[in-house]
Amino acid sequence: MHDDRRMVESRLERAVSQFVHPARYPLTVPLQVSAWHAPGEPVPVQEALKAEYRPFETGGEWGGPWSTTWFRFQGEVPPEWAGRRVEALLDLGYGGAWPGFNAEALVHDRDGVPVKGIHRDNRWIAVGAPVAGGERVELLAETAANPDILGNGFRPTALGDRLTGGDTPLYRLGRAELAVLDEQVFHLDLDIEVLSGLMHELSTEDPRRHEILRALERMLDMLDLHDVPGTALEARDQLAHMLARPAHASAHRLSAVGHAHIDSAWLWPLRETVRKTARTFANVTALAQDYPELVFACSQAQQYAWTRDHQPQIWQRIKDAVAAGNWAPVGSMWVESDTNMPGGEALARQLVHGKRFFLDELGVETEEVWLPDSFGYTAAFPQLARLAGVRWFLSQKMSWNETNRMPHHSFWWEGIDGSRVFTHFPPVDTYNATVSGNELARAVRTFSDKGLATRSLLPFGYGDGGGGPTREMLERARRVRDLEGSPRVVVEAPSAFFAAAEAEYGAAAPVWSGEMYLELHRATYTTQAATKRGNRRSEHLLREAELSAASFLPAAEYPYEELDRLWKTVLLHQFHDILPGSSIAWVHREARETYRAVAEELEALIASACPAGDGEDGDRILNASSFDRAEVLDGRWAQAPALGVGTLSAGLPAGIAPVRTASSPDGTVLDNGLLRITVTPDGLLGSVLDLTAGPVGREALAAGTYGNLLQLHPDHPSKWDAWDIDRHYRRRWTDLTAAESVTVASDGPMSATVRVERAFGASRIVQLLTLDAGSPRLLIDTDIDWQESEKVLKAAFPLDVHADRSSSEIQFGYVQRPTHANTSWDAARFEICAHRWVHVGEPGYGIAVVNDSTYGHDISRDGSTTTVRLTLLRSPHSPDPETDTGRHRFRYALQPGATLTDAVAAGHALNLPLRRTAAAPAPPLISLTGPTTAVVESVKLADDRSGDVVVRLYESLGARTTCTLHPAFPPTSATLTDLLERPTTPLSPAPDGTLTLPLRPFQILTVRLRRE
C-alpha cells in the first residue's frame, strides 16, 4: 500500500507539471514588441509615450543594472477567441528564488493609465473576459532591471550602486503573447494543489489523507492528459466532494489578510521603492475587482504619500478601495521603522505623522502598529502606542530568534511604564504567506496558545515588489474557507481579527513585560556608523530647531512646512533597513548626503531664530538640554539654564579649580580637582581616580587593567553579514596598545588634552582625551580613517564595580539587563542597544559611559570587574562591500561617580552642545522646577498652527515625581493631550501660570498651552 501511494503521488506530480499546468493557456498568439531604453533615471509615463521605440525580439537582452526599459506590446485578439477569457502573458526574463528581487514592470494602457504590475509569479494582464474578438491590444510596460543582490548569497557585489554596477544586461525578454485562459483547467489546477497540499500535511493514520489520495487517483483516471481542457470539468467532479466536506467544529480559525511587505529601501534605493509601491498597489486594486472579498492591509504612510504624489490614478483607486472595504490602512507609522535606535521624540513622531496622514488623507483612525520585520522592539513602545490611540501590535520577526522561542503568539505586551497593548505574532511564521497547505498546517502546529484561543492571523502576498496577493492565493483561500482537515481560513480585516482575538482571550491573556530583544541581527546597532551618526545628529538638531523657533520667533514665522518636511525625511531614514545599516551601498551613500543636507538646513533654521554670536566677550549661549549647564566652551566658562540662554565669561568662577597637567616617564596626569586621569606612555587610561569619592578618592578602573582599550576582533558571521555579529567573534582579538605618539595638546587652565595617534592594519586613529575644568567626566574624541576588512572595533572600559545589571537609555527612560549569562535569555543578549548612555554600579557608587552616536555595546562581569565596551565600527562586505570604509568622527565620555540622573544629564550635554548666540537674555520659554526626575523631550508650536505651545516631558528614572512647569507667558488654557495633540485632560494653571504635574514612573505627558 505504501508503494501504491507513492506511485499515485508521482503520477500526480508529473501530470500536473507536464500537462495540467501548461494547459491553462491552450491558445496563444505572439505580440509585437518594441522598446525604448530610457537614459539615466526613471521618467514619467508622459515622457515615455513620446519616445521613439525600436523593434525588439523576444530572447533579446535588455537592462543594465538599475536601468529602465519601456516595452510596447501590440497585437490583436483573434476573432475565433470570441467569448473566451483572454490575457497578455509577459515574461521579462525573471530570475531569483523569490518574486520582488529581480525584474519588475508597471503596465499601462495605450493612454498611459496604469493597469497592473507584473512580476515573476504574476505575469498576466487582463484583456477581456469575455472578449468579442478582433480587439486591438496595446500595452506599455515600464520595466526595471533590478539586480538580485543576494542571488549569490552574501558574497560582495558591485551591483549595489548604480555608480559601480556597470551596464551589462541582466535579463532576456521571454514570452510576450496573447493567450486564452481556460478557466476549468485553471480551477482544476488549484483543486489539485489544495487537496494535495492538505493530504501531505495529514498524518498517515488519518483516513482523510487516504480518501484524498484515492479521489486524486480517480481524477487522474478521468483526465485525458492529451485533452486536459476537454476533460477538466469531469476531472473536477471527482474532487468536488472532497472539497465540499466542512471543517471540524474545533478547527483553528485563520484570519487571512492580503499583504505586501515592501521595504522602503533595502536591496534597492528609495527611488525604486516609489515604483515598487506603484506596481504592487496597481496590482492589488485590480485584483479586488475580481475578488471582492479581498482585504489588503497596507502600512507605511510614506509609501501612500509617494503614490499620491507620483501616481494620482493609482492613488484614487486606493481611496476607492478603502471606501469599499478592500483596503485596510494599518501600521499607524510613517514607515515601518527600526524601534531600537530612533530617539524618543522620533518614535513619537513616527506615530504622529503616520496616524495623521491616514486620518487626513483617508479618513481612517488606524488602531494597530504593524511591524512584522523590525529587528526587536523597545520597551518604550506600548506607552507610545497607547498615547497615539493604538490598541494592537503585530510583529513576525521574533520567530527568527536563534536561541529562545517566544512563549506566546497572542499576549499583552507591557512597557516600562506599565502600559499594555494586545500583541500578536502570526504562528505561520511568515509575513509573505501564499495560503499553501504547508503554511496552514504550520500555523496550527506551532500555535502556542492552544486551549486559550482558537484563532490567529495569516498575512498573505508577495512582498518587496513581488506584487502582493495573487488570484491563486485567493482561490486557495476560497477552497479552505471550510474544508475538513484544514483550519478555517477567512479573508478579513486585521481589525476584525484583533477585536475577536482580544475578546477571546479576555483576562486570560498572558503578559510579556519589557523589551522584545531579537536574538539575531545584533550588528544592526553598529553597521553603517555614518548613517547612525546622521540620525542622532538630525534628531538633536530638530529638537534645537523647534525649541529655537518656538522661543524666539513670532508664531506667524514658525517654520511649519520646513520642520514637517525635515522630520519626515529623518523618519524615512529610520526605516528598518536604512538606520540599521542593512541596505545596499546606494542607499547609504544617499543617506549620508541627505543627512548633510538636513543638518545644513536645520542649522540655518536655528540661526534664523537664534542668531550666532560674534565671539566677543559678553556673547551668550543657548542650552537646548533639559539640565542647567556650567562648563567650559571654547576656552571660556559657560553657564546657562535648561532650555534657555546663558552667558560666557573669560575666567573660572570661584570654587572651580583649573586643570593641571604633569608628565613623567610613567605617563601624563590630568587633574581638575574632581578627577585625576593618568594616561600611560602608550596612550591608554592607566588610572581614573574619582577625587570626590571619600577622603582618598576611588579608582574607577579595575586593578591591573587599562581603560579606553581599543580591541579589534575578526568579524565573520555565519550568515547575514551586515546584520549579524555572532558570539564566536569574542574568541579572538588584538589589543591596540602600540601608539605612534602621545602628546599633550593643551595643558589648561580651562582644558587639558592628550593627543594619541595609532596605526593598525591599513587604518589610522587619532584620539583626544580631554578633561575640562569643573567637569566630572573625561571626553574622548575619536577621528579614524577606517580601512579594515571584516573586523569589528570595540572600546573597552574595565570598571571596578560589581554590577549584576547594566542600565541603558532607551526612548523615554531606560532598561536594565543582566551582566551575567545565567539563563539562555541572558546569554543571548551578548550585544545590546543603548542610546546616549549606559550606567553600571553597585550600591552607593556608579559609573556612566556616554556617547554621541554609538548604539551597540556589550557589558559583562568577571568577578568584581564590570567591563563596558562600545562597539565603534564594523566592516562587513554584504550588501555593501565598502561598508564604512573611510573617515569617522565620534565622541564618548567616562563619568565616574555618576548617578542615573547624572547619566541622563551627561547624555544631553554630549549630544546637545552649547550653542553660541546673540539672542537676548530672557527666561526660558518653558522650565521645570522641583526636586524632580522629569525631563523635557520637546518644546514646539502645535501642528494645527494655532500658535499653542506644546511641551512633551517624561519621568526619566522609574520613580514617581511631581514637577512644576513654568511657562514664560501666562497661559489662557492648558490641557494634556495625546501624541497627536488632541485634548484628553484639562489642566488648571495656578494664578502665576505654573502647572503642577505629577508623573508616574516613566510616564510621558504632552502639555498644550494656549497663549494670547
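The residues around the largest cavity sort into 7 nonpolar, 5 polar and 8 charged. In this count Ala, Val, Leu, Ile, Met, Phe, Trp, Tyr, Cys and Pro go down as nonpolar, Asp, Glu, Lys and Arg as charged, and the others, Gly among them, as polar. The model is a predicted one, in which local features need pLDDT of at least 70 and side-chain atom pairs count only at pLDDT 80 or more, while totals for chains, interfaces and linings use all residues. Residues are numbered from 1 along each chain as its sequence is written, and side-chain values use heavy atoms, with hydrogens and water left out.

Back to that cavity, then. Its volume is about 260 Å³, and 20 residues line it, with Gly 343, Gly 344, His 540, Arg 836 and Glu 937 lying nearest the centre. A cavity here is a set of points, on a 1 Å grid over the protein atoms alone, where a 1.4 Å probe fits but cannot get out; a pocket is an open set with protein on both sides within 12 Å along at least five of seven lines; and a lining residue has an atom within 4 Å of a point. Grid points are joined across faces, edges and corners, and a volume is the space filled by probe spheres set on the points. Helix 9 (344-362), helix 14 (529-552) and strand 39 (805-810) each put at least two residues into the lining of the largest cavity, and helix 14 has the largest share, 5 residues. Helices (H or I, at least four residues) and strands (E, at least two) are DSSP runs, numbered from the N terminus.

Searching the whole structure turns up 6 cavities of 30 Å³ or more.

The term covers a side-chain nitrogen of Lys or Arg within 4 Å of a carboxyl oxygen of Asp or Glu. Over the whole structure, 84 salt bridges are found.

Next comes the largest pocket, with a volume of about 1100 Å³. It is lined by 41 residues, and Glu 631, Leu 779, Arg 891, Ala 909 and Leu 910 are the closest to its centre. Helix 18 gives the largest share of this lining, 6 residues. By class, the pocket lining has 16 nonpolar, 9 polar and 16 charged residues.

Now for the sheets. Strands of a sheet pair through backbone hydrogen bonds, either parallel or antiparallel. Two strands pair if DSSP finds at least two bridges between them. Strand 2 (residues 32-38) is joined to strand 3 by 2 bridges, and Ser 34 stands opposite Pro 55 in strand 3.

Another open sheet has 5 strands in the order 16-17-19-18-22, and its pairing is mixed. Strand 16 (368-370) and strand 22 are its edge strands. Strand 16 runs parallel to strand 17 (residues 392-394), with 3 bridges joining them, and Trp 370 stands opposite Leu 394.

Most residues other than glycine have a negative phi, and most peptide bonds are trans. The bond from Ala 129 to Pro 130 is cis, with omega near 5°, and so is the one from Ser 878 to Pro 879, also with omega near 5°. Val 435 is not a glycine but has a positive phi of about 65°; this residue is found in the loop between strand 19 (420-424) and helix 11 (437-446).
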